Amino acid sequence: MKVIVGLSGGVDSAVSAWLLKQQGHEVLGIFMKNWEDDDNSEYCSSREDLVDAVSVADHIGIDIEVVNFATEYKDRVFSYFLAEYQAGRTPNPDVLCNTEIKFAAFLDHAMRLGADKIATGHYAGVREAADGSGRFELLKGDDDSKDQSYFLHRLNQAQLSKAMFPLANIPKREVRVIAERERIPNFAKKDSTGICFIGERPFREFLERYLPKTPGRMVTSEGEDVGAHQGLAYYTLGQRGGLHIGGSRAGSGEPWYVAGKDMAGNRLIVVQGREHPALRRTDVPLVNTHWIAGSEPAAGSGYGGKTRYRQPDAACEYTPADATHSHATLHFHDAQWAPTPGQYAVLYQGNVCLGGGVIA
């Protein structure tokens, strides 16, 4: 097949491209440039990533093309990112980037180039359902510590039908071994962390460029004033660092955590101790749900759910929205720690990712 691979400059996409070439496919690499506002800053790695991607393509023996999706990214991902923070929520732009850029703008571009499939270096899998329906299922990657199906849970049938994930069954450590053995130039490159357009820079410093400061008060769940905040947009539920709270008359001596936001009163609600009840939830309401199969899963139990990427699936029940319930809801058997509005809760049945929704 003609397979077009998203080459990011990282080792995962590099090994994906090498594997596809070894399997006999006609492979073309695409480097996606999604951000260009401060290309020359110390925090932006896109230039270095492009050099690495070109070196990889040259070593493997495939052509590479650079495609600029910065306009699409700004319109479809970054504008949503800012609007959500301004509303006091904490979005996950990586999920939206997959849905709107890698499996939309990039997929469309690849199809215009005559691709049969596109491939990425995600640790996830795809297969046709065994029931003969012709549906496609999104699977967890075999390497539990790297599984990235969480970030892909909003893909639809059309997108999955064109997707290949060469690393589905390969553990990360083996990917590094392959890269070094085959002398792929970036075999020792560190994995990227954080949101692509922010890089390693301080998060609040970045947001301050786009959102105005709106200082207010920090209060406990009992209403005691314990300090000042710089703007509700700069904080997220469960946050511990950066609160700068001094001693409190009623303080327990334990660390402080963000437990909520009073948007109307511009107050940040904080509590002491990671196990404070205000940080735990058994019922997690969902809005803007998306189901990969195209239909909602059956109500009831037997599911696993996660309210953030790096956590194991937790047993839960699913309740759809109806006349009685204004939101779809995940009811967890064990209370979950700091489910965060704006983030995604994702539902699984075994190793099949069913989809999910935005935590309300």
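Visitor: What makes H244 count as exposed?

Guide: The relative accessibility of H244 is 75%. Exposed means over 50% relative accessible area, buried under 20%, and partly exposed in between, with a 1.4 Å probe and protein chains only. H244 therefore counts as exposed. The model is a predicted one, in which local features need pLDDT of at least 70, side-chain atom pairs count only at pLDDT 80 or more, and totals for chains, interfaces and linings use all residues. Residues are numbered from 1 along each chain as its sequence is written, and side-chain values use heavy atoms, with hydrogens and water left out.

Visitor: Why is A338 called buried?

Guide: The relative accessible area of A338 is 3%, so A338 is buried. A338 also has a positive phi, of about 50 degrees, although it is not a glycine. Its place is the loop between β15 (328-337) and β16 (344-349).

Visitor: Why is the pair of W35 and F78 called edge-to-face?

Guide: Rings of Phe, Tyr and Trp (its six-membered ring) pair if their centres lie within 6.5 Å; planes under 30 degrees apart count as stacked, over 60 as edge-to-face and the rest as tilted. The ring centres of W35 and F78 are 4.9 Å apart and the planes stand at 65 degrees, so the pair is edge-to-face. W35 lies in the loop between β2 and α2, and F78 in helix α3 (residues 70-86), so the pair ties together parts 43 residues apart in sequence. W35 is buried at 7% relative accessible area, and F78 is buried at 3%.

Visitor: What makes the pair of F206 and Y210 tilted?

Guide: The planes of F206 and Y210 make 45 degrees, with 5.2 Å centre to centre, and the pair is tilted. F206 is buried, at 0% relative accessible area, whereas Y210 counts as partly exposed at 26%.

Visitor: How do you know that the charged end of K74 sits over the ring of W35?

Guide: A charge sits over a ring if NZ of Lys or CZ of Arg is within 6 Å of the ring centre and within 35 degrees of the ring normal. The charged end of K74 is 5.7 Å from the centre of the W35 ring. R274 likewise lies over the face of W337, at 3.9 Å from the ring centre.

Visitor: How do you know that the buried residues of α6 line one face of the helix?

Guide: In α6 (residues 172-181), the buried residues are K172, V175, I178 and A179. Seen down the axis of α6, they fall within an arc of 115 degrees, so they line one face; the arc is that of the directions from the helix axis to the C-beta atoms. These residues pack against α1 (11-22), where contact means heavy atoms within 4.5 Å. After α6 comes R183, with a positive phi near 55 degrees.

Note on methods:
Helices (H or I, at least four residues) and strands (E, at least two) are DSSP runs, numbered from the N terminus.
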